[in-house]
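Hi everyone, thanks for coming.

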Amino acid sequence: MITYRDATLEDMSEIVSLISLMHSETVWGGDKDFAYQPKKMAQSLYGFIKNQPDTLARLALCDDRIIGIIIGDYGTMLFSEARQAREKLIFVHKDRRGGMIGPRLMKNFFTWAKSVNAAEAIGGANAGINPERTQQLWGKIGMAPFGHTVRARL
């Protein structure tokens, strides 16, 4: 049975390990210039976990093992005071994809965005892991594509 809950600081080590798996699947996974740094990841996660509910760090668990995570925050637009909720990272362990874990984590994000009075929510797949599938899943909760993400190695 899959359960969902907010992350705690006690989860940090397991989350950092899970996100290392994510990193290996991203466009940066094999690039030494973008090597995964567990300590830096833990420092970043600390703020998301510690500042809940102003931030989001939600976990999916199976048999008390973390198999998925979504992280988000919000801010105001450069030109407005309207709040924009931003999905910063979503990942489901490769062995657990294809079911409802990803969509449920996304719905958790959407619900959280409403709870912080965001005027809009944005999410995506800018790490290069199944972007078409991710876009389809976001669409199922009412989100539509806009803009375009590009990158260049310098």
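Let me start with angle words: under 35 degrees counts as roughly parallel, over 145 as roughly antiparallel, 65 to 115 as roughly perpendicular, and the rest as oblique. Axes are lines fitted to C-alpha atoms, for helices over the stretch in contact, with angles from 0 to 180 degrees between N-to-C directions. Helices are DSSP runs of H or I with at least four residues, strands are runs of E with at least two, and both are numbered from the N terminus.

This is a predicted model, where local features need pLDDT of at least 70, side-chain atom pairs count only at pLDDT 80 or more, and totals for chains, interfaces and linings use all residues. Residues are numbered from 1 along each chain as its sequence is written, and side-chain values use heavy atoms, leaving out hydrogens and water.

On to the first pair. Helix α1 (residues 12–25) and helix α2 (residues 38–50) have axes that come within 10 Å and cross at roughly 120°, so α1 and α2 are oblique to each other. Which residues meet, taking contact as heavy atoms within 4.5 Å? From α1 we have Met 12, Ile 15, Val 16 and Ile 19, and from α2 Pro 38, Met 41, Ala 42, Leu 45, Tyr 46 and Ile 49.

Now the other pair. The axes of α3 and α4 also come within 10 Å, crossing at roughly 55°, and α3 and α4 are therefore oblique to each other. Pro 103, Met 106 and Phe 109 of α3 make the contact with Thr 134, Leu 137 and Trp 138 of α4.

Methods
Contact means heavy atoms within 4.5 Å.
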